[in-house]
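Subject: The two-chain model to look at

Hi there,

Here is the structure I promised to send over. Please open it next to this email and follow along as you read.

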Amino acid sequence: MGDESRISSRVRQLLAQVLDVPPDSIGPGFSADSTGGWTSLNHLMLVSQLESEFEVVFSNQEIGELTSFTAIIEALGRRLDAGT
Amino acid sequence: MSLEGQVDSAALERLASAVQPGQPWSAYQAAARALDRIPRETIPDRLRARVAILGSFTLDPFLPVLRVEAARAGLWLDTYLAPYGLYLSELLDPGSGLYQFRPIVTFLAIDGDVLWNQRWAETPPLKSEPVVGGLLTPLFAGLDAFERAGSGIVVMNDFVLPRRSTEGVNAFRSKGTFAHTIAHANKHLRLRLSLRDQTFLFPLADVVGQVGRTHAFNWRTHYRGHLTWSDALMAAIAERYVGFALAAMGKATKCIVLDLDNTLWGGVLGEEGPTGIALGPHWPGSEFVDFQRELLNLQRQGILLALCSKNNESEALAVLRDHPSMLIREPQLAAFRINWEDKASNIRSLAGELNIGLDHMLLLDDSPHERAWVKDQIPELRVPDLPPDPSMYAHWVGSLPSLMVLQQTAEDLQRTQQYQESRTRETYRTSIDSLEDFLRGLGLRVHIGLVDEGSMARVVQLLAKTNQFNLTTRRHDEATLRRQVASAAWRVYTMGVADRFGDFGLTAVAIVEPAAAAWHVESFLLSCRVIGKSVETALLVRIAEDARGAGVSVLSAEFIDSGRNQVASTFLSNHGFDADAEGRWLRSLDAPGLEWPAYITPAGWHPAGTAPDNHGGR
């Protein structure tokens, strides 16, 4: 649990920094569709920031799917579980 | 000092301090957004720099990093990023966004892949020449066009081998390798950039080396989105780019103020005595010798060194004079304050003596306490945090962005000597009675001429830097000057000044627009080194004589209040000019009162066009 909340709070912080939104506004419903600043360029940077922060590498297919807060948390959960 | 409701450089520095070295790009992005929230109208012009970036790859994410590093140095950047990959057409097309933006600095970021891709388009046998020519020929045509339009300065990086080579251990024998193409391109780039005054080479290979090639490039973002620079490389490049922006804005450091104990040598002189301090060929002590050597490198480029130390003056000067390993000695110092007064007062007094603004000075002091106190007293002073370990001083000092010197003229290199001569002059001043006596005793000599190839760089520099005695504070770049002189629209006067204590060098410039009805003084400036000697009268008299010689009987001029040029505000009225209703100052040359000062000797004046060495000064 501790790990999970650490992950979600760090993801929330990264999303807030990259997309310039208040961290409080980032929850389960937060997605690329509903966020004007989530451009393809910011997506590129977001993915690379997640990769270096959590020391993972996403596949092309995964990158296409990392378009919401929930999807990112789930993808990281899968990766980090597989890694242990 | 901040005006009501205006942002000052310290506020920008505070916002930037949210990002620490080594933090990821996201931290820069967040800090840049915080900068965006500052209302634009509260940012004074003097803090704003227009910076353009042209690249061969994705650079959008670099902008927040650059803006934050600029804010760390107290600068606000207005940025222009050329559309992806269009660096050549932006340079070549006078209608492009780049030209419209009118940047003060343009950074060209071109990666080695540009050459790589061209190379693979060639038919074997591969040769470097057509590849390099294929890139550099249009590139320099673009730079020429841009420079003619008054480009400001342009900074372009050298080419870096992007990947580990697969060309094998015999590659060094062959001219057909990519490694050879890169080396050949860099050789030509260096040569061609060095022949131009307004272009500079950015040492990307050096910066990549410092970051480490493994960490400098991000291959994932490179392939996914053509973004090659890693977070770490972006930060390292931004730090150095800022140095160019500061220098182009005339905000580079002009004087480094140095502490002594634990800064120029190890230990405390007052406690350990001259033989006890750490300074010499072996550690501990050798790290301070190296640090002094780096400081002297900066001094050779024209940055002044001064001392401000809490010590007994005679003891400290004895070390400067007698210690065998001391490199910075009295002749290398423009001024010093060695006493037990507080450092802020001493630094203010140094600024007064050297006639340098506190915002152009930088303090190097190992004591966090002294730094904090001085910074609190003088917010506009640059007070970087020294590394806690003196072993890092010599390496670290090269990373300070404000210590970049773009233009080195003969005057820069002599500057320390000139300030020392001025120390002698000041002593002389206190021993005589009237200003007139003082001036007569100086044995002033002036040499007035028209700008030529030899003086062009200095004229451009004076136009860019002179704030105090400057009637109009118009900044003109070299391209404009050359164009106007060539078309005879401007007569650009230069004046060198010397006295019996030494040579001040070329220290006055006037731009005159000759017309049949009146000659108009478009610019008139005097370096602060020669203010108070009435040499400006001599230059004006010379202009008046030339005007009369051309059958013109009226001079016109302007005074534009810049907030910093009060010292020039009475120049026109004192010389018989009268203001008309539109604020234009006019003087009839038939009226008396404009006379050559008796205590100034003219030297080497040739009327326009007759001087044998007067190239380009038509």
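Predicted model: local features only at pLDDT ≥ 70, side-chain atom pairs only at ≥ 80, totals over all residues.

Residues are numbered from 1 along each chain as its sequence is written, chains are lettered from A and ligands numbered from 1 in the order in which they are written, and side-chain values use heavy atoms, with hydrogens and water left out.

**Where the chains meet**

Chain A gives 18 residues to the contact and chain B gives 19 residues (contact means heavy atoms within 4.5 Å). The size of an interface is often given as the accessible area lost when the parts come together.

Part of the meeting is between two helices (DSSP runs of H or I, at least four residues; strands are runs of E, at least two, and both are numbered from the N terminus). The axes of α2 (residues 40–54) of chain A and α2 (residues 25–36) of chain B come within 9 Å and cross at roughly 135°. Axes are lines fitted to C-alpha atoms, for helices over the stretch in contact, and angles run from 0 to 180 degrees between N-to-C directions. From α2(A), the contact is made by A:N42, A:M45 and A:Q49, and from α2(B) by B:W25, B:S26, B:Q29 and B:R33.

There are four salt bridges between chain A and chain B (a side-chain nitrogen of Lys or Arg within 4 Å of a carboxyl oxygen of Asp or Glu). In one of them, A:D20 joins B:R37, with the closest N and O atoms 3.2 Å apart. A:D20 sits in the loop between α1 (2–19) and α2 of chain A, and has a positive phi of about 60° although it is not a glycine.

**Two sheets in chain B**

Strands of a sheet pair through backbone hydrogen bonds, either parallel or antiparallel. An open sheet of five strands runs β2-β1-β3-β4-β5 in chain B, with parallel pairing (two strands pair if DSSP finds at least two bridges between them). Its edge strands are β2 (76–81) and β5 (199–202) of chain B, and the twist averages 25° from one strand to the next. Helix α8 (residues 178–194) of chain B packs on this sheet, touching β4 and β5 of chain B.

Another open sheet, of four strands, has the order β8-β7-β6-β9 in chain B, also with parallel pairing. Its edges are β8 (335–338) and β9 (361–364) of chain B, and the twist averages 20° from one strand to the next. Helix α15 (residues 313–322) of chain B packs on the sheet, touching β7 (304–309) and β8 of chain B.

**One last spot**

Which bond joins B:W283 and B:P284? A cis peptide bond, with omega about -5°. B:P284 lies in the loop between α13 (269–272) and α14 (286–300) of chain B.

Happy exploring!
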